[in-house]
Number of protein chains: 2
Amino acid sequence: MKTMTESRAGTGVSPPTTSFQEPTYEGDFVLDEPLLLDCGRALAGVTLHYAVYGRLNAAKDNAVLVCHALSGSALVGAWWPEVFAPGGVLTLEHDFAICINMLGSCYGSTGPGSVDPETGKIYGPEFPLVSIRDNVRAQARLLDSLGIRRLRLVMGGSIGGMQALDWAVHDPIRVQKALVIGVAPLSAMGLALNHLQRQAIQHDPEWADGHYLPQRPPRKGLALARQIAMLSYKSAELFDERYGRNPNRNGEDPWGPSALENGQGGGLIGGRFDIAGYLDHQGERFIERFDANSYLAILRTMDTWDPLRGCSSAEAFSGIRAHVSFVGISSDWLFPPQTVRDFAYTMRAAGVQADYREMTSAHGHDAFLAEQAELLRLLQ
Amino acid sequence: MKTMTESRAGTGVSPPTTSFQEPTYEGDFVLDEPLLLDCGRALAGVTLHYAVYGRLNAAKDNAVLVCHALSGSALVGAWWPEVFAPGGVLTLEHDFAICINMLGSCYGSTGPGSVDPETGKIYGPEFPLVSIRDNVRAQARLLDSLGIRRLRLVMGGSIGGMQALDWAVHDPIRVQKALVIGVAPLSAMGLALNHLQRQAIQHDPEWADGHYLPQRPPRKGLALARQIAMLSYKSAELFDERYGRNPNRNGEDPWGPSALENGQGGGLIGGRFDIAGYLDHQGERFIERFDANSYLAILRTMDTWDPLRGCSSAEAFSGIRAHVSFVGISSDWLFPPQTVRDFAYTMRAAGVQADYREMTSAHGHDAFLAEQAELLRLLQ
């Protein structure tokens with residue numbers, strides 16, 4: 001019998017045709033003044049971890065900002081290598097790409113695991129709500145420090161697309177073009193999915209109201225949250241094609257007893273189907289690389305983003321000067337393509353140069369990462 | 001501020017236009033011989049709790065069997081009153097309706113909470129896998145005892161539809177017509193949703209590997225399982241229409257701190273959106289009425305049902321003599337209508353008199369319960 005890890009090799013995202021890109025530089029930027037947040041609190045000593053690729057030209061007008069998705073990092077060359085592929089969105093000969101880890105994350109920027117300089121203790125559950133706009137404000141200071149007063153392009157998928165769009169709204173002078181992939185304000189179903197992920201973490205007794213020790217995190221809760229999310233990142237069609245009603249590939253029998261070593265659950269828990277083995281594997285991988293409180297922080301950032309909250313579309317969007325391109329994904333049920341399209345058309349009706357394209361893919365929301373080559377074909 | 005219960009009144013299923021029907025009789029039937037199960041084990045002293053409506057005629061040929069869904073009971077007059085409405089599927093003047101609680105359930109039939117006569121202890125997690133066919137076999141003995149050798153109709157939605165279909169397959173002489181609503185073998189997405197519900201329960205430390213005390217059940221895990229299920233029972237469209245991105249109706253503020261009394265979660269957990277309040281309410285209601293081990297037992301019954309497993313459609317279906325009517329629901333993403341339709345067409349291609357109709361509803365899988373009047377209009 002193969003181990004789980006072996007048997008799951010190659011079942012994740014499609015292998016990129018472009019190899020990993022090393023950043024030109026990776027480091028930290030510390031804001032010299034506190035960051036005033038939309039929620040009314042202030043964060044002192046904010047650190048932004050970022051990576052750059054290529055070189056900033058003398059005119060400093062070749063910068064492209066790439067914004068990452070929920071569990072991503074500043075290392076865009078690792079998780080989105082195709083954007084650097086020949087004929088891709090960027091070329092390292094001409095462009096200077098920068099990617100900044102989101103606030104709240106666990107990949108180097110200030111988040112719940114950081115020390116609050118005011119108390120000397122880690123924020124933990126007291127980490128405040130950081131909005132998408134707060135992220136844009138902080139990122140703007142980093143760009144200021146680099147002398148970047150113009151962005152040829154800001155781009156991102158999912159919560160990265162929320163950032164790209166907010167850049168166009170809140171810093172219209174700097175942004176020439178925005179590329180917003182697979183995103184609109186979360187629908188009720190999206191809010192529901194996030195709520196259940198949050199509860200999965202909160203229900204884990206190891207979460208301890210957010211005061212868990214680093215060596216004893218709420219692993220089961222975070223794994224279940226990730227598994228719920230995976231359903232929404234993929235499509236029923238893809239699951240049927242890849243896993244169907246097959247027994248788990250390690251040899252378990254859904255019609256027989258569970259193969260759990262300690263026999264937990266007796267007759268109530270059977271051998272797993274293949275889709276269950278896949279989801280468990282995704283959960284196990286995720287808890288090795290992500291922090292539960294960071295996950296909660298970014299869920300809130302995502303939930304609360306809505307440029308149209310409390311204002312008309314004209315008020316929200318009429319200041320935009322950038323050309324805004326939206327991409328919807330045909331099989332995406334977390335951010336359904338018609339929702340993305342409607343959002344683009346609302347923006348266009350407000351006078352923005354906005355266009356909408358649809359990527360045909362069975363991969364669901366994840367298609368912008370899982371089918372990078374397809375995405376680039378659409379964008380060319 | 002209203003209490004949750006008050007504020008949620010009237011937001012559940014549509015009020016039935018027909019009132020609750022009292023059963024003519026409600027009671028238990030005990031099998032006189034052990035029930036041999038597909039899994040190889042045997043259940044001794046099996047009890048079936050059942051309810052009947054109307055009167056069996058002298059010829060004993062006016063019986064209709066109604067099969068309930070996952071968390072239903074034998075009291076079909078309470079949960080599906082419209083089937084008895086004037087012009088409905090049944091009339092109590094002419095029909096004798098019978099509904100039998102599924103094995104594994106917590107509403108009177110033998111389940112994980114029952115005492116195993118061989119050990120004198122409750123089954124708990126040792127309760128075996130009981131297949132849909134095992135249920136049909138047990139139910140057939142009850143019908144035999146009542147002298148019912150002909151069923152004018154067997155009907156059910158969801159896992160009730162699985163039973164109705166298996167009746168037509170395994171007892172072709174007895175069944176004249178089967179009505180199968182919103183069901184086909186679970187897709188990979190359906191198996192995935194059930195797997196995550198199972199994990200939500202298993203992760204709750206109160207579950208205690210299935211050995212929990214009745215007074216200390218895994219409430220949080222069962223509530224989360226129900227909430228995950230609710231997503232799959234409803235549709236994104238319905239959620240948008242009813243809840244949208246509104247703050248929870250009790251006055252919580254998603255952009256402010258959580259209103260939890262003990263302040264758990266600090267800045268990481270905000271006030272809830274309305275959809276979150278709705279889901280929490282559904283979870284709270286469910287744990288008052290259902291048992292976690294029963295839930296696990298029936299999930300397995302559902303997961304493992306596949307009449308086409310290991311055989312051709314001709315082998316599986318050619319013995320059917322009943323007319324089989326399928327109903328798909330336009331917005332159902334747990335059992336998508338095209339899946340139900342394809343299943344019906346597969347059966348027809350095997351020589352069965354099968355037809356397919358589609359119910360147009362935004363209510364998702366639950367439409368057969370939430371929009372009963374619509375369902376009946378379709379069936380007339």
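Here are some questions and answers about chain B of this predicted model.

Q: Which residues does B:Thr110 touch, not counting residues up to four places away in sequence?
A: B:Thr110 touches B:Gly45, B:Val46, B:Thr47, B:Leu103, B:Gly104, B:Ser105, B:Tyr123 and B:Phe127.

Q: What makes the pair B:Thr47 and B:Thr110 a polar contact?
A: A polar contact is a pair of N or O atoms within 3.5 Å, one able to donate a hydrogen and the other to accept it. The backbone nitrogen of B:Thr47 lies 2.8 Å from a polar atom of the B:Thr110 side chain, so the distance is within the cut-off.

Q: How do you know that the length of helix 9 of chain B agrees with its number of residues?
A: Helix 9 runs over residues 292-303, which makes twelve residues. At 1.5 Å a residue they should span 16 Å, and the end C-alpha atoms are 16 Å apart, so the two agree.

Q: Why is helix 9 of chain B called mostly covered?
A: Twelve of its twelve residues are buried, among them B:Tyr295, B:Arg300 and B:Asp303. These buried residues pack against helix 3 (132-146), helix 4 (159-170), helix 5 (188-203), helix 6 (219-233) and helix 8 (274-287) of chain B.

Q: What is found at the start of helix 9 of chain B?
A: There, a side-chain oxygen of B:Asp291 reaches to within 3.2 Å of the backbone nitrogen of B:Asn293.

Q: What makes strand 1 and strand 10 of chain B edge strands?
A: Eight strands of chain B form an open sheet in the order 1-4-6-5-7-8-9-10, with mixed pairing. Strand 1 (25-30) and strand 10 (354-359) each have a single partner strand, so one side of each has no neighbour in the sheet. From one strand to the next, the twist averages 20°.

Q: How do you know that strand 5 and strand 6 of chain B pair?
A: Two strands pair if there are at least two bridges between them. Strand 5 (residues 63-67) and strand 6 of chain B have four bridges, in the parallel sense, so they pass that cut-off. In this pairing, B:Ala63 stands opposite B:Phe96.

Q: Which strands of chain B does helix 11 lie across?
A: Helix 11 (residues 337-349) lies across strand 9 and strand 10 of chain B, running at about 165° to strand 10.

Conventions
Residues numbered from 1 in each chain as written. Chains lettered and ligands numbered in written order. Predicted model: local features only at pLDDT ≥ 70, side-chain atom pairs only at ≥ 80, totals over all residues. Heavy atoms only, no water. Helix = DSSP H or I, 4+ residues; strand = E, 2+ residues; numbered from the N terminus. Expected span 1.5 Å × (residues − 1). Buried < 20%, exposed > 50% of the residue type's maximum accessible area, 1.4 Å probe, protein only. Contact = heavy atoms within 4.5 Å. Axes fitted to C-alpha atoms, helices over the stretch in contact; angles between N-to-C directions.
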